[in-house]
Amino acid sequence: MNDLGSMRQTERLTSDEAGLAHAAEVLRGGGLVAFPTETVYGLGADATDAQAVAGIYAAKERPSFNPLISHLDSFGSARVQGVFDETARRLAEAFWPGPLTLVVPVAPTCTISDLARAGLDSVGLRVPAHPLAHALLQKTGRPVAAPSANRSGRVSPTDADHVLGDLDGRIDAVLDGGSSQVGVESTIVACLGGAPRLLRPGGIAREAIEALIGMKLEAGPEGGKSPLAPGMLASHYAPRARVHLNAASVGADEAVLLFGPEAPKGADAARITLNLSKNGDLVEAAAHLFSYLRQLDASGAATIAVSPIPETGLGEAINDRLRRAAAER
Ligand code: TXA
Ligand code: MG
């Protein structure tokens, strides 16, 4: 896959043992597989493999990175990835498997990539109820990141033909499981300490959730009243250091984020240098973006200087995140 989502043969897989086994094999190999869930079809990639997750953005032509929902086969698998407080545990036990996503703090044992979390210290987790999704997740044995399987700006697909209409030639396979039942995405609730917040209405009614936990859900992330835990519900990751875009030259105490074979003047004398992709591959660059920003920030430099990055393909999403980081203060 190149940065524009290069053409490849898309297989339509049947929902039998052989189709499932092949779909799991493709996912484990870093490929892209669309699969049915009870809400909508998801475009899946191994959530632990940032390069594979970058492929989702390339295939969808999405101009910005947001945190993705990682899908798991059970509450037990979800607990490896996230920390569940009492409320989150009760919601998981009542509504999983099903159309509920819980945003919880990352666990120390979390294996989900930075890119799938968009650099955040929290993670969106869901255990889908669709039997094919469940079987696929079990066979894959890894968390699977999956936004809806449509191109950016189009409607969410509820059958394999919709998926192919948007993504034929851009993904490795679609597992055909007929029509999705719910048709709207999962309800997203954040449990990050303090009152739980409704981040997105969806397949499970707010009332059902409020009845179970015995309290009203706060609006989130903007509309809420109670203060947020530091860094917890910020909608995007921002480094502590100032970010200087399109740097033409670099000072000795700056950290440098390079892209491609050329470096700005003074980069060789800088305190720390990381290259998103030496040969200018935007998918590789996207896969490294958040972890490299964190490493550069951890160096203690007051400024992170960033080489120019082209606005084509995934470069648009990379630049979007970098511009937000640069505008933060
Ligand atoms: O029904 C669904 O949920 C579908 C099917 C395929 O499962 N999936 C879906 O995934 O809609 P996705 O990745 O497009 O959902 C992304 C949304 C983000 O826009 C954000 O609202 C929320 O999930 N989200 C995920 N992780 C988050 C986090 N750490 N903090 C805040 N919001 C998060
Ligand atoms: Mg969508």
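This is a predicted model: local features need pLDDT of at least 70, side-chain atom pairs count only at pLDDT 80 or more; totals for chains, interfaces and linings use all residues.

Biologist: Where does Ala173 sit, and is it buried or exposed?

Modeller: Ala173 is part of strand β8. It counts as buried because its relative accessibility is 0%, the cut-off for buried being under 20%.

Biologist: And what about helix α5, which of its residues are buried?

Modeller: In α5, which covers residues 131-140, the buried ones are Leu132, Ala133, Ala135, Leu136, Leu137 and Thr140. Their cover includes α1 (17-28), β2 (33-36), β4, β7 (144-145) and β8 (173-175). Just after the helix, Gly141 has a positive phi of about 70°.

Biologist: Let's switch to the ligand. Which residues come nearest to ligand 1?

Modeller: Of the 21 residues around it, those are Thr39, Asn66, His71, Ser122 and Ser186.

Biologist: How much of ligand 1 does the protein bury?

Modeller: Taken alone, the ligand exposes 680 Å², and the protein buries 89% of that.

Biologist: Which elements give two or more residues to the shell around it?

Modeller: Those are β4 (69-71), β6 (122-126) and β10 (197-200). Strand β6 gives the most, with four residues.

Biologist: How does that shell divide by residue type?

Modeller: There are eleven nonpolar, seven polar and three charged residues in the shell.

Biologist: Now the cores. Which residues touch the most other members in the largest nonpolar core?

Modeller: That core has 78 residues, and Phe65, Phe84, Trp96, Leu102 and Leu257 touch the most other members. Helix α8 (residues 282-298) gives the most to this core, ten residues. A second, separate core has 17 residues, including Val26, Val33, Ala146 and Leu175.

Biologist: Why would nonpolar residues gather like that?

Modeller: In soluble globular proteins, nonpolar side chains tend to be buried together.

Biologist: Which residues does Leu257 contact?

Modeller: Beyond neighbours within four places in sequence, its contacts include Leu274, Leu276, Leu289, Tyr292 and Leu293.

Biologist: Last topic, the backbone. Which residues does a cis peptide bond join?

Modeller: The cis bond joins Trp96 and Pro97, with omega at about -5°. Pro97 is in the loop between α4 (86-95) and β5 (100-105).

Biologist: What is the phi of Ala118 and of Asn246?

Modeller: Ala118 has a positive phi of about 50° without being a glycine, and Asn246 also has a positive phi of about 50°. Most residues other than glycine have a negative phi.

Biologist: Are those two buried or exposed?

Modeller: Ala118, in the loop between β5 and β6, is buried, with a relative accessible area of 0%. Asn246, in the loop between β12 (242-244) and β13 (255-258), is exposed at 54%.

How values were computed:
Residues are numbered from 1 along each chain as its sequence is written. Chains are lettered from A and ligands numbered from 1 in the order in which they are written. Side-chain values use heavy atoms; hydrogens and water are left out. A nonpolar core is a set of buried Ala, Val, Leu, Ile, Met, Phe, Trp, Tyr and Cys residues joined through side-chain atoms within 4.5 Å. Buried means under 20% relative accessible area, exposed over 50%, partly exposed in between (1.4 Å probe, protein chains only). Contact means heavy atoms within 4.5 Å. A residue is near a molecule or strand if one of its heavy atoms lies within 4 Å of it. Accessible areas come from the Shrake-Rupley method with a 1.4 Å probe; for residues, only the protein chains shown count as cover. Ala, Val, Leu, Ile, Met, Phe, Trp, Tyr, Cys and Pro count as nonpolar, Asp, Glu, Lys and Arg as charged, and the others, Gly among them, as polar.
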